[in-house]
Amino acid sequence: MVVSNRCWALLALVASIAAVAQASTIRDVLAYRAGDGPQPTDISKLTAEIIVNDGYPVEEHQVTTADGYVLTMFRIPGGPGNPAREGKNVAFIQHGLLCSSADWVILGPGKALAYMLVDAGYDVWLGNARGNTNSRRHIFHDPDARNTDFWDFSWHEIGYFDLPAMIDYALQYTGQTSLQYAGHSQGTTSFFIMTSLRPEYNERIRSMHALAPVAFMSNLRSPFVRAFAPFVDQIDWLMRMLGVNEFLPSSDMMTLGGQMLCQDEARFQEVCANVLFLIGGFNSPQLNRTMLPAILENTPAGASVNQLVHYAQGYNSGRFRQFDYGLTLNLIRYGSIRPPDYPLDRVTAPVALHYGDNDWLAAVSDVRQLHSSIRNPIGLFRVSDPNWNHLDFTWGIDADSLLYRRVISFMDRYN
């Protein structure tokens with residue numbers, strides 16, 4: 001046990017050093033985007049730059065949540081063959097843990113879900129949760145300050161505050177009353193929080209498409225989660241003692257590593273690929289290794305330590321419930337020694353659950369349990385590739401033909 005604690009302490013210390021080392025870079029990026037400084041020469045391409053380079057128009061929008069976080073959304077109102085116009089059906093897409101809006105455009109025109117939706121006639125909005133590269137702002141708290149309250153959130157707050165704020169903004173801006181929703185992984189978790197705790201938002205969803213849905217987690221197979229979940233309380237304590245509240249922030253070191261170690265002809269390219277496979281499941285034919293440097297330019301995009309802790313708590317308990325603060329704080333916050341379950345019977349929006357047999361983070365049995373817990377499921381839809389894994393939903397070579405076309409077809413039916 002002594003060895004384990006030393007290992008966790010070392011990991012926490014490394015994370016702390018990395019966070020401090022790259023803080024100035026993030027401040028430079030934010031200053032440039034606010035018009036208060038020169039463009040840094042060593043930063044990753046932002047979502048907007050990717051979209052412009054791909055020949056699509058893009059708008060950047062900010063919205064402030066009820067608890068003070070300033071979130072950035074990207075809107076693609078039209079495309080080369082489908083110009084912008086008023087009255088289009090709105091599609092809102094939300095990324096997963098440690099990711100950003102870049103996930104939905106990185107595959108490029110004709111392949112990425114965002115572009116396919118635009119080409120199908122949709123007004124597309126890409127969300128960014130609090131704490132990622134595009135949403136590191138708060139009206140009071142500094143994300144780079146020591147002992148800041150900025151990182152005091154999990155995916156509970158993303159579902160309760162972020163999604164409602166972004167959806168309300170997109171609907172008000174476009175003059176629509178409801179929209180189509182697609183989310184990956186944490187983008188599904190936060191949706192079920194929103195529609196269970198704020199059920200009025202069910203009426204604003206025409207249909208929801210859960211890609212690799214994560215709510216119940218007791219049967220996941222990812223060795224990373226299974227390894228740290230039993231020690232989640234100790235890890236949480238260590239991180240707090242060391243003042244480390246952010247997990248895997250976007251950094252130039254990751255970008256440089258992706259370019260040098262993971263590019264074509266690099267001897268370590270297969271190591272890069274296998275790290276991803278160990279997280280979400282092995283499916284070598286679906287990973288375009290040439291894209292690895294581009295993926296690592298945008299992922300990881302940063303998250304709160306509490307987001308990972310909350311998922312580990314779900315794995316340990318086998319329940320889909322609110323954050324566990326410990327007996328005393330649970331009594332103060334919830335009036336009970338255990339956190340309450342999310343009332344999934346209040347989710348009445350039409351929900352399609354898209355799953356893969358080889359998804360190590362969203363096990364088929366857990367997805368089936370979720371299906372039986374919501375009131376208005378469209379159905380369970382298996383991706384036909386038997387090796388389809390968790391990350392294939394956003395980066396898979398055949399995601400367009402095996403998944404996205406079906407998603408868009410269902411959306412069209414529910415307009």
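Modeller: Let me start with a charge over a ring: Arg198 lies over the face of Tyr160, 5.0 Å from the ring centre. Keep in mind throughout that this is a predicted model. A second case is Arg204, whose charged end sits over the ring of Tyr201, at 4.1 Å from its centre.

How much of α12 is covered? Eleven of its 13 residues are buried, so the helix is mostly covered. The buried ones are Val305, Asn306, Gln307, Leu308, Val309, His310, Tyr311, Ala312, Gln313, Gly314 and Tyr315. Just after α12, Gly318 takes a positive phi of about 75 degrees.

What caps the N-terminal end of α12? That's Ser304, with a side-chain oxygen 3.1 Å from the backbone nitrogen of Asn306. Ser304 itself lies in strand β9, which spans residues 303–304. With a relative accessibility of 1%, Ser304 counts as buried, because the cut-off for that is under 20%. If you set aside neighbours within four places in sequence, Ser304 is in contact with Trp151, Phe153 and Asn245.

On to the rings, which bring us back to α12. The structure holds 22 aromatic pairs. One of them joins Trp155 and Tyr311, a tilted pair at 4.9 Å centre to centre with 35 degrees between the planes. Trp155 belongs to helix α5 (residues 155–174) and Tyr311 to helix α12 (residues 305–317), so this pair ties together parts 156 residues apart in sequence. Are these two buried or exposed? Trp155 is buried, and Tyr311 is buried as well. Another tilted pair is Tyr181 with Phe191: the ring centres are 4.8 Å apart and the planes are at 45 degrees. Here Tyr181 sits in strand β6 (residues 179–184) and Phe191 in helix α6 (residues 186–197), so the parts tied together are ten residues apart in sequence. Tyr181 counts as buried at 0% relative accessibility, and Phe191 is buried with a relative accessible area of 0%. Going back to Trp155 and Tyr311, ring pairs link them with Phe216, Phe320 and Tyr342 into a cluster.

That leaves the charged pairs. Side chains of opposite charge can pair when their charged atoms come close. How many salt bridges does a search of the whole structure find? It finds ten. Among them is Lys111 with Asp400, where the closest N and O atoms are 3.3 Å apart. This pair links distant parts of the chain: Lys111 is in the loop between β3 (90–94) and α4 (113–119), while Asp400 is in helix α16 (residues 399–413), 289 residues apart. Lys111 is partly exposed, with a relative accessible area of 27%, whereas Asp400 is buried at 8%.

Asp144 and Arg136 also form a salt bridge, with the closest N and O atoms at 2.4 Å. There, Asp144 is partly exposed with 23% relative accessible area, and Arg136 is buried with 2%. A further bridge joins the side chains of Asp357 and Arg382 at 2.6 Å, N to O. Asp357 is in the loop between β10 (351–355) and α14 (364–373) and Arg382 in strand β11 (residues 377–382), so the bridge ties together parts 25 residues apart in sequence. Asp357 is partly exposed, at 29% relative accessible area, and Arg382 is partly exposed too, at 36%. Finally, Glu59, Arg75 and Asp123 are linked in a network of salt bridges.

Definitions and conventions:
Residues numbered from 1 in each chain as written. Predicted model: local features only at pLDDT ≥ 70, side-chain atom pairs only at ≥ 80, totals over all residues. Heavy atoms only, no water. Helix = DSSP H or I, 4+ residues; strand = E, 2+ residues; numbered from the N terminus. Buried < 20%, exposed > 50% of the residue type's maximum accessible area, 1.4 Å probe, protein only. Contact = heavy atoms within 4.5 Å. Salt bridge = Lys/Arg side-chain N within 4 Å of Asp/Glu carboxyl O. Phe/Tyr/Trp six-rings, centres within 6.5 Å; stacked < 30°, edge-to-face > 60°. Lys NZ or Arg CZ within 6 Å of the ring centre and 35° of its normal. Polar contact = N/O pair within 3.5 Å; in protein donor to acceptor, adjacent residues only side chain to side chain.
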